[in-house]
Amino acid sequence: MIRALAAQIFARAVTVFARLLTGVRPDWRGCLPESRQRVYFANHASHGDFVLIWTVLPPALRRITRPVAGADYWAKGAMRRFIGERVFRAVLIDRVAVEHTRDPLAVMGESLAAGDSLIIFPEGTRNTTEAPLLSFRSGLYHLARAWPGVEFVPVWIDNISRVMPKGELLPIPLLCSVTFGTPLVLRTDEGKDEFLERARDALLALAPGKRRDA
Amino acid sequence: MSPQAQTVTLFAGIVGALTLASAVGFVLARRAANGPNPAVENLNARVKAWWVMVLVIGAAFSLGKGGVVVLFAFASFAALREFITLTPTRRGDHWALAASFFVVLPIQYALIWAAWYGLYSIFIPVYAFLLLPIVAAIRGDTTRFLDRVAEVQWGLMVSVFCVSHVPALMTLDIPGYEGRHLLLIAFLVLVVQSSDVLQYVWGKLFGRHKIAPNLSPSKTVEGFLGGVASATLLGGALWWLTPFSPWQAALMALMINLMGFLGGLVMSAIKRDRGVKDWGRMIEGHGGMLDRLDSVVFAAPVFFHLTRFFFTA
């Protein structure tokens, strides 16, 4: 009871803080904020990424949307566990294949079967290179094949990497934006590489200035 | 009139002007026969945002000195955030930027609050100017080093130093003007903003010849002349708010309007170079905080120093 209340207050504080710092605004360019079951897949440059998506989602959608995060980071320590499990209701997966105690796809599948939407970062790790987007891991394709009724929405998060670069402790205030693109559905005859390529292009197309030099 | 009565008269006048603007916008929207007209919609969005801005400024004024200092500190914060967002900084600037937002900005406004003229007038031009490149150098990234430190310094000068000279008007010791400093701020803000609005109106109605096509395609000779002339007359007519005589108030207003216009050109040049139309999206119909403040930024320090030189004890 008290923990649930604390989690709610913490969640509220996080969104208020994110707004104060980044003035973040959603741009629903390719779809509307409707309560359909979705997998939001986004570029990953900072720990603040899913916080921004989470902040701009309307509260009704926020309640049914869970970020997928690495268990190696979020299961460590009581504070991180509280934030990960209680505040953001993160779906924790093992990122390193050899340490898999449970198949990440099965873990995400459970959450989708329960009717939740997911936020995933198909690059698999934070992008600290100069390239706008790393190549995608194959999980996105396997999810799309297993869950044909779910919409896969590309989400471009802009500027958060400058707010809090990897390794820095103190965030600085800069304007950020979150752009939602047109949902993708796996085509019947579409192969893995083809789908991942299409998904990556759809995400890159949302980047301001169309930085397609990657 | 007592200062309170003057403040009430002033705000009643502003509310009257805004009511008129809203009514005109309503009629124009009704008369737009072929569906919604983007120009009219933008006009109405601007008027609506003006209502909000007047309410916020009015609330800050009613809280007195503290309210005004905090209001402009937040305006500086929003302006600096917009400026740095459009500046190509690197990871090596992180500490210098954090210091700009979390150390330099609060200190500048604390000095204004403390009315320490000797320090707030040199704190950013001297101490931040020396400190921030040191912080950036310690990080060891030399790529575009001079560009980066110069741009961060410029952002601080424009967004924090210049903007802070509006609340700094409260620190001036003007004989016979005790307890009325908020009205001096109201005079500056009203003249600058009405100049922007009147240039826009004159330009929309009579604008033919572009005055600076490379910088700002919407500014015209007709808008400039009509706007500056009418805002100067308005400033003269508002002399009763100020320690100035009517012709002094008109001259001050003329200087404010010219600096404001030129400041708008400078800020447009930066936006052009960065490839954007507006600094941000904070204020519906207007763009960002800096789009609203660009003329204040250039007018405020000059107005401050002229007033200080000629009118303080």
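Trainee: Which residues of α3(B) and α4(B) meet each other?
Mentor: In this predicted model, α3(B) brings B:Val69, B:Ala73, B:Ser76, B:Phe77, B:Leu80 and B:Ile84 to the contact, and these meet B:Leu97, B:Ser100, B:Phe101, B:Leu105, B:Tyr109, B:Ile112 and B:Trp113 in α4(B).

Trainee: And by class, what does the contact of α3(B) with α4(B) have?
Mentor: Sorted by class, that contact of α3(B) with α4(B) holds eleven nonpolar and two polar residues, with no charged residues.

Trainee: At what angle do these two helices of chain B pack, and how far apart are their axes?
Mentor: Helix α3, which covers residues 65–85 of chain B, packs against helix α4, residues 94–113 of chain B, at an angle of about 155°, and their axes are 10 Å apart. Since angles over 145 degrees count as roughly antiparallel, α3(B) and α4(B) are therefore roughly antiparallel to each other.

Trainee: Is the crossing of α3(B) and α4(B) left-handed or right-handed?
Mentor: The crossing of α3(B) and α4(B) is right-handed.

Trainee: How does α3(B) pack with α11(B), then?
Mentor: With helix α11, residues 289–311 of chain B, α3(B) makes an angle of about 110°, and the axes of α3(B) and α11(B) lie 9 Å apart. That angle makes α3(B) roughly perpendicular to α11(B).

Trainee: Which residues in α3(B) and α11(B) meet there?
Mentor: From α3(B) come B:Ala75, B:Ala78, B:Ala79, B:Glu82 and B:Phe83, and they meet B:Met289, B:Leu290 and B:Leu293 in α11(B). By class, the contact of α3(B) with α11(B) has seven nonpolar residues, no polar ones and one charged residue.

Trainee: Stepping back, how many helices and strands are there in chain B?
Mentor: Chain B has eleven helices and zero strands, so that its pattern, read along the sequence, is α-α-α-α-α-α-α-α-α-α-α.

Trainee: What about the radius of gyration of chain B?
Mentor: The radius of gyration of chain B is 20 Å, which is close to the 20 Å that the globule rule gives for 313 residues, so chain B is as compact as a globular protein of that length. Along its principal axes, the C-alpha trace of chain B spans about 60 × 55 × 30 Å.

Trainee: Into which domains is chain B divided?
Mentor: Chain B is divided into domain 1, residues 1–62, and domain 2, residues 64–311. Taken over C-alpha atoms, the centres of domain 1 of chain B and domain 2 of chain B are separated by 22 Å. The contact between them takes eleven residues from domain 1 of chain B and 13 residues from domain 2 of chain B.

Trainee: Which elements give two or more residues to the domain 1 side of that contact?
Mentor: On the side of domain 1 of chain B that touches domain 2 of chain B, those elements are α1 (3–31) and α2 (38–62) of chain B, and the largest share, seven residues, comes from α2(B). By class, this side of domain 1 of chain B has six nonpolar, three polar and two charged residues.

Trainee: Changing topic, what is the secondary structure of chain A?
Mentor: Chain A comes to nine helices and seven strands. For its 214 residues, a compact globule would have a radius of gyration near 17 Å, and the 16 Å of chain A agrees with that. The C-alpha atoms of chain A fill a box of roughly 50 × 40 × 35 Å along the principal axes.

Methods: Residues numbered from 1 in each chain as written. Chains lettered and ligands numbered in written order. Predicted model: local features only at pLDDT ≥ 70, side-chain atom pairs only at ≥ 80, totals over all residues. Domains from an automatic or database assignment. Contact = placed C-beta atoms within 7 Å. Helix = DSSP H or I, 4+ residues; strand = E, 2+ residues; numbered from the N terminus. Nonpolar A, V, L, I, M, F, W, Y, C, P; charged D, E, K, R; others polar. Axes fitted to C-alpha atoms, helices over the stretch in contact; angles between N-to-C directions. Parallel < 35°, antiparallel > 145°, perpendicular 65-115°, else oblique. Left-handed = near helix turned anticlockwise from the far one by under 90°. Rg over C-alpha atoms; globule rule 2.2 N^0.38 Å.
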